[in-house]
There are 2 protein chains.
Amino acid sequence: MSMWQLYQFPLCPFSRKVRLLLGEKGVGYELVRESPWERRDEFIDLNPAGRTPVMVDEERGQLLIDSNAIAEYFEETVEGKAMINGTAAQRAEIRRLVAWFDQDFYYEVTGPLLFERMQKRIVHRQPPDGGALREAMKAANNHLDYIDYLIDHRTWLAGATMSLADLAAAAHISVADYLGGIDWTGHDQTKGWYSGLKSRPSFRPLLAERMEIVSPPKYYEDVDF
Amino acid sequence: MSMWQLYQFPLCPFSRKVRLLLGEKGVGYELVRESPWERRDEFIDLNPAGRTPVMVDEERGQLLIDSNAIAEYFEETVEGKAMINGTAAQRAEIRRLVAWFDQDFYYEVTGPLLFERMQKRIVHRQPPDGGALREAMKAANNHLDYIDYLIDHRTWLAGATMSLADLAAAAHISVADYLGGIDWTGHDQTKGWYSGLKSRPSFRPLLAERMEIVSPPKYYEDVDF
């Protein structure tokens, strides 16, 4: 039987988004550990952009690159729960929010936290920069304010049903939370929404994984936090 | 009759991609000039991410944000020439290349050139940094090598037919070319492909526009260059 392989590392938010989607859709895959910062030749041959996630089905000669191209591919090819769903206008709102988390949240929060708390430690063997951490945490707080606002007006981030927007947001938040970048105080709406996502079977395996050397806060895995 | 408004500025590569798509699909729109670096309150209210392009159809109460959400929306709602076309695998390859140009080409080439040659001049009234310009031009050359390679193997960037990948690439290249960041020497394949795109009715109006204060090289608008 042919099987998808997913190249990723445990704290890659884009791989987490794809894994949550595959989990919700019931698509099987096996994990291949890749550390993109090592720029391994064989990986660059696979994906010249050098980024995770990449998905390969060797038997069928299929290669998928870029987390959103991957998400759209499985949305188009796998029957069952739709994650980019609704009218064209609703789908546009889902994709807007996915881009918001993959771009704004990543560049202001997840990216700096990964650099300061993971890459500096593993690659450069340096301590994190306190000012950069404070900036990222401040930005995270603004983003959580925005999610609070969305949850005040909608059941899920993009509307009445769970969508890829929720998965993208949860993927980034979970990485930021692992790296100690989220202060949950005063964000009850976001907390309730995130607690619901944490309890899903698609999310449990991700929360159980650990990145070597870097440890999460004690409450990280708990549904009640 | 209801009409789309497109918030953009002449050198925004993401707005150019959308305009090329709308042109190829025959969708009418009117331009609204927006300078996102001014962070105008009314524009932030429209799009909290503060980026162009944004599309508004006031009569129908429609708001579209993010260039790819916009592209997918018109792909889904407008009959006629498909620009994210083919099998699911081919569509994944189109989306991979769109992400390649919107992320890699933008962060290495278009973004730095816009900052050094446009924003510094208009906002900061400073001269560009020579080292940053050289880095961007070197990166542009590597990207053109990759496009040469693709064109050696395919008729269009993502396969046998023109797609959003070609429009995304041409959008970024046209901005880089306007800003003097492209050295065409030794890139005959890319040059031939780009010349074909330049002659399309969807591209002509963009090439005729000018950004105040910043002028393009003499050959910029020519189909033979």
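Reply: In this predicted model, the C-alpha centres of domain 1 and domain 2 of chain A lie 20 Å apart. Domain 1 of chain A covers 4-77, and domain 2 of chain A covers 88-221. Domain 1 brings 20 residues to the contact, and domain 2 brings 30 residues.

Now the area. The two domains of chain A bury about 2,200 Å² between them. Carbon and sulfur atoms hold 68% of that. On the side of domain 1, L11(A), R16(A) and L20(A) lose the most area to domain 2. Together these three make up 32% of what that side buries.

Five salt bridges are counted between domain 1 and domain 2 of chain A. R200(A) and E24(A) form a salt bridge, with 2.7 Å from N to O.

Which elements of domain 1 carry the contact? In chain A, α1 (13-25), β2 (29-33) and α3 each supply at least two residues of the side that touches domain 2. α1(A) gives the most, with nine residues. By class, this side of domain 1 of chain A has 11 nonpolar, three polar and six charged residues.

α3 of chain A also faces chain B. The elements giving two or more residues to the side of chain A that touches chain B are β4 (62-65), α3 (67-77) and α4 (88-124) of chain A. There, α4(A) gives the most, with 11 residues.

Key: Residues are numbered from 1 along each chain as its sequence is written. Chains are lettered from A and ligands numbered from 1 in the order in which they are written. This is a predicted model: local features need pLDDT of at least 70, side-chain atom pairs count only at pLDDT 80 or more; totals for chains, interfaces and linings use all residues. Side-chain values use heavy atoms; hydrogens and water are left out. Helices (H or I, at least four residues) and strands (E, at least two) are DSSP runs, numbered from the N terminus. Domain bounds come from an automatic or database domain assignment. Contact means heavy atoms within 4.5 Å. Buried area is the accessible area (1.4 Å probe) that two parts lose on being put together, summed over both. A salt bridge is a side-chain nitrogen of Lys or Arg within 4 Å of a carboxyl oxygen of Asp or Glu. Ala, Val, Leu, Ile, Met, Phe, Trp, Tyr, Cys and Pro count as nonpolar, Asp, Glu, Lys and Arg as charged, and the others, Gly among them, as polar.
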